[in-house]
Amino acid sequence: MKFLKYLFVLVFSLTIITGLYADEILFVKQGELWAVVDEEGNTIHPARFDGWHTLFEGRKFAVSQNGEWALMDNEGKVLTPFKYKEIIHYPFMKSYAKVIVGGTRYKNYRNQRAGGKSGIIHEKDGAEVIPPIYDVINYQFGYFSVGLGVPNVTSSSYSSGGKWGLLNHKGQEIIPCLYNYCHTDGTYVNMGFQKKRSSVRLKDVKRMDMSVFESHQATSPQTGHYIVSRDGLFGIVDFDGHEVVPMIYEKLGRKFINGRVTISQGNRWGAYEVGRGEVVPLDYSRLMLLSDQGHYSFLHDGKWGVMDKDGIEIQPPVWDFVGHWNKDHFVARKDGKIKWHIIDSLGNDIFGRGFSSAHYDKVFYFIKQDDGKWFAMNPDNGLQSDVFENNHSSMVPGKPEWGGFSFGHSSKKYWISPDMEIWEYSKMEVVNDVFRLYTPFGIHIFSPSGEKLIDMDCEQVCMMNQGRFLIKKGSAWEIISRKGEKGKELDLKADNVGDFVGGFAYFYTESEVKDAFGNRSRKYGLLNQEGEMLLDAKYENVIPLSNGKAWVEQCSDRGCFWTFWNGSEFLFGGEKIVSVSR
């Protein structure tokens, strides 16, 4: 009877089963409509959906019924009404998806609809964070720029069409839809009318007097303050209207950091500090605020020097250029040479020589020597790496990665660990809470903090449960602990093992003879979490499920078909099931 139940659910005329990303449900096509079943083959929804696709990297699904879309979770529960013409999610939107009602599909890269109204729903339960009442919604660094009366569906928050405002991630209004444009970088919001533009910190929006921003060309250089002008003279006031820098200066520097700003009168520059007044007299042809600590670069007789927050010179004006680099360090060059010196906050040239290139990328300093080789330095502790090759004239931008830093290009990729050890790699991938680094010498495993977990070169490393790894050295397979302690050796003849899903993994062996295309045929089997074979390597494909069951592809004279293995026996399947994918 149980067999007939499975057969009733799954035997269709030309049935295709597809289970993408979600462990709990599979989509089954019957004719032109889709049904939803669980891993046991039980029907959750009969064949009534005319389309579906994954959302939120596979954590949810969009399902369509009679051309109207709804949100479904990975247990098959429909979370929203079938009322949307589109449900769209991009990775940068994180836990939010755009929904559109009404309108006609507009074929462009934004997937918008002419005449439709846009809103936002949340991944968790499909709740409407923002109702679909706006012509355009753009996600910007955790906020939503919204437009009303926008004539062109391809418009952005930079356009002059319609009226624009800003909502937060809860759908609460931050800036009303009154402005010709409104956009944010997550820290500042830029808004205004045609000739009156303002840049304000988001933290200050609730406190500020909007009328000031609408009547002045004002900017907010620091939380709690904004620069205003009157009769051609500039000053700084706080949001309570108190003048903190008198409005007597012809120019102000763009930076206002910790109460410090550069000031100008009569083409001479100095510095003003709130509470102290003019800390640097108006004696310099140019003065620039360099750091949060109050360092300034000054121009004298065509050369640049550096002074501290009290106006005391710590580097004489001998440099062609001085710029802030990172934290307490500055870069400088002189004598017309493109040689970069690194200066600390006390004015010391920390290397005592210049370099052809120096680059800072969020974590480390990258410095190019005269021989064309590079080395990295950690500015927090002064540790330096060994030298390495880089075929580019400048450093290729990289990003912080697992306690260290990855960078490079298609032919050379590097990862620098927190202890400044350099690893050349071809591939980096995250699995659970560790990452695998594929190097010319083998595969290595690191923790989120950059600690090396397996101190050996491995041809393959598979993630198991309980913090263990299955590694391959030569033709031998062995289970080891997260700390690298050796454990059980396996009597396993396998060329490759997949990562474990709920304690189970496929493995395969390859034939010694290649086909006409240079490929080796494979036969698949199934392992449990102790490395024991549950299915021998004699099948065309095996897809493990999290509950220890699997879909298995077998081939015969009549062709290749899929069957369902319940952990001890094959229950159903056969010629009607022609495709299973994950």
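Ile 454 touches His 444, Ile 445, Val 461, Phe 469, Ile 471 and Ile 480, not counting residues up to four places away in sequence; contact means heavy atoms within 4.5 Å. The model is predicted: local features need pLDDT of at least 70, side-chain atom pairs count only at pLDDT 80 or more, and totals for chains, interfaces and linings use all residues. Residues are numbered from 1 along each chain as its sequence is written, and side-chain values use heavy atoms, with hydrogens and water left out.

**Ile 454**
- Ile 454 is found in the loop between β45 (442-446) and β46 (460-463); strands (E, at least two residues) and helices (H or I, at least four) are DSSP runs, numbered from the N terminus.
- The relative accessible area of Ile 454 is 0%, so this residue is buried; buried means under 20% relative accessible area, exposed over 50%, and partly exposed in between (1.4 Å probe, protein chains only).
- Ten residues separate Ile 454 and His 444 along the chain, and their C-alpha atoms are separated by 6.3 Å.

**The chain as a whole**
- The chain has two helices and 58 strands.
- Of its 582 residues, 49% count as buried.
- Among contacts in the chain with a separation of 6 or more, 28% are accounted for by residues 24 or more positions apart.

**Aromatic pairs**
- A pair of aromatic rings is described by the distance of the centres and the angle of the planes.
- Rings of Phe, Tyr and Trp (its six-membered ring) pair if their centres lie within 6.5 Å; planes under 30 degrees apart count as stacked, over 60 as edge-to-face and the rest as tilted.
- By this rule the count comes to 23 aromatic pairs.
- The pair of Tyr 96 and Phe 144 is edge-to-face, because the ring centres are 5.5 Å apart and the planes stand at 85°.
- Tyr 96 lies in strand β9 (residues 96-101) and Phe 144 in strand β15 (residues 143-148), so this pair ties together parts that are 48 residues apart in sequence.
- Tyr 96 is buried, with a relative accessible area of 10%, and Phe 144 counts as buried at 0% relative accessibility.
- The pair of Tyr 508 and Tyr 524 is tilted, because the ring centres are 5.3 Å apart and the planes stand at 55°.
- Tyr 508 belongs to strand β51 (residues 505-514) and Tyr 524 to strand β52, so the pair ties together parts that are 16 residues apart in sequence.
- Both Tyr 508 and Tyr 524 are buried.
- Tyr 90, Phe 92, Tyr 96, Tyr 139 and Phe 144 are linked into a cluster by ring pairs.

**Asn 528**
- Asn 528 lies in the loop between β52 (520-527) and β53 (533-539).
- With a relative accessible area of 12%, Asn 528 is buried.
- The side chain of Asn 528 reaches the backbone nitrogen of Glu 530 at 3.0 Å; a polar contact is a pair of N or O atoms within 3.5 Å, where within protein one must be able to donate a hydrogen and the other to accept it, and residues adjacent in sequence count only if both atoms are side-chain atoms.
- Neighbours within four places in sequence aside, Asn 528 is in contact with Phe 500, Gly 503, Phe 504 and Leu 534.

**Arg 268**
- Arg 268 has its place in strand β27 (residues 268-273) and counts as partly exposed at 35% relative accessibility.
- The side chain of Arg 268 reaches the backbone oxygen of Asp 283 at 2.3 Å.
- Beyond its neighbours within four places in sequence, Arg 268 is in contact with Ile 263, Leu 282, Asp 283, Tyr 284 and Ser 285.
- Arg 268 and Lys 251 are 17 residues apart along the chain, with their C-alpha atoms separated by 9.9 Å.

**Glu 424**
- Glu 424 lies in strand β42 (residues 422-424) and counts as partly exposed at 31% relative accessibility.
- Leaving aside neighbours within four places in sequence, the contacts of Glu 424 are Lys 412, Lys 413, Tyr 414, Tyr 438, Thr 439 and Pro 440.
- From Glu 424 to Leu 437, 13 residues apart in sequence, the C-alpha to C-alpha distance is 8.9 Å.
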